[in-house]
Amino acid sequence: MTRVYVCNCFGVTETQVKKHAAEGASTPRQIASACKAGTDCGSCVRRIQALLGRGACPSRGLVDEGRQVLAEHLAEQLDEAA
């Protein structure tokens, strides 16, 4: 098995980052709390963001699928509550 290191400073692998994400870490800061990745030189933070899916606009995929984006959904909920 090939290990792909995300954080060389602390020896954190891509597999470890994905494991922490599966356990609920959804931000680079939460990944850092779980395994220290991104807390030394910081060169891996962008890679961590990419692994977490934060590199792309999250609502773009919803628009492409014809689904509502969050702002539209919240506006509808507020209208219904009023």
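**Cysteines**

I started with Cys35. At 17% relative accessibility, Cys35 counts as buried; my cut-offs are under 20% relative accessible area for buried, over 50% for exposed and partly exposed in between, with a 1.4 Å probe and protein chains only. This is a predicted model, so I took local features only at pLDDT of at least 70 and side-chain atom pairs only at pLDDT 80 or more, while totals for chains, interfaces and linings use all residues. Residues are numbered from 1 along each chain as its sequence is written, and side-chain values use heavy atoms, with hydrogens and water left out.

Cys44 is buried, because its relative accessibility is 4%.

**Whole chain**

I then stepped back to the protein chain. I found five helices and two strands, taking helices (H or I, at least four residues) and strands (E, at least two) as DSSP runs numbered from the N terminus. Along the sequence the pattern reads β-β-α-α-α-α-α. The chain has 82 residues, and 21% of them count as buried. It exposes about 6100 Å², with carbon and sulfur atoms supplying 50%; these areas come from the Shrake-Rupley method with a 1.4 Å probe, and for residues only the protein chains shown count as cover. I also looked at contacts, meaning heavy atoms within 4.5 Å. Of those between residues at least 6 apart in sequence, 42% join residues at least 24 apart.

**Helix H1**

Which residues of H1 are buried? I noted Glu14, Val17 and His20. Down the helix axis they fall within an arc of 125 degrees, so they line one face of H1; the arc is that of the directions from the axis to the C-beta atoms. The face turned away from the buried side carries the exposed residues Thr15 and Ala22. Cover for the buried residues of H1 includes strands S1 (5–7) and S2 (12–13) and helices H2 (28–35) and H3 (45–51).

I looked at Glu14 on its own. It belongs to H1, which spans residues 14–22. Its relative accessibility is 17%, so Glu14 counts as buried. Leaving out residues up to four places away in sequence, Glu14 touches Val4, Val6, Arg47 and Leu51. Just after H1, Gly24 takes a positive phi of about 120 degrees.

Thr13 sits in strand S2. I logged Thr13 as buried because its relative accessibility is 9%.

The buried residues of H2 are Pro28, Ile31, Ala32 and Cys35. They cover an arc of only 100 degrees around the axis, which puts them on the same side of H2. Arg29 and Ser33 are exposed on the other side. The buried residues of H2 pack against S2, H1 and H3.

How do H1 and H2 pack? I read an angle of about 110 degrees, with the axes 10 Å apart. Axes are lines fitted to C-alpha atoms, for helices over the stretch in contact, and angles run from 0 to 180 degrees between N-to-C directions. H1 and H2 are therefore roughly perpendicular; that label covers 65 to 115 degrees, with under 35 roughly parallel, over 145 roughly antiparallel and the rest oblique. Val17, His20 and Ala21 of H1 make the contact with Ile31, Ala34 and Cys35 of H2.

**Loop between H2 and H3**

Lys36 follows H2 and lies in the loop between H2 and H3. Its phi is near 75 degrees, a positive value in a residue other than glycine. Most residues other than glycine have a negative phi.

Asp40 is found in this loop between H2 and H3 as well. Is Asp40 buried or exposed? It is exposed, with a relative accessible area of 55%. Apart from residues up to four places away in sequence, Asp40 touches Cys9 and Phe10. I also checked Asp40 against Asn8: they are 32 residues apart in sequence and 9.7 Å apart in space, C-alpha to C-alpha.
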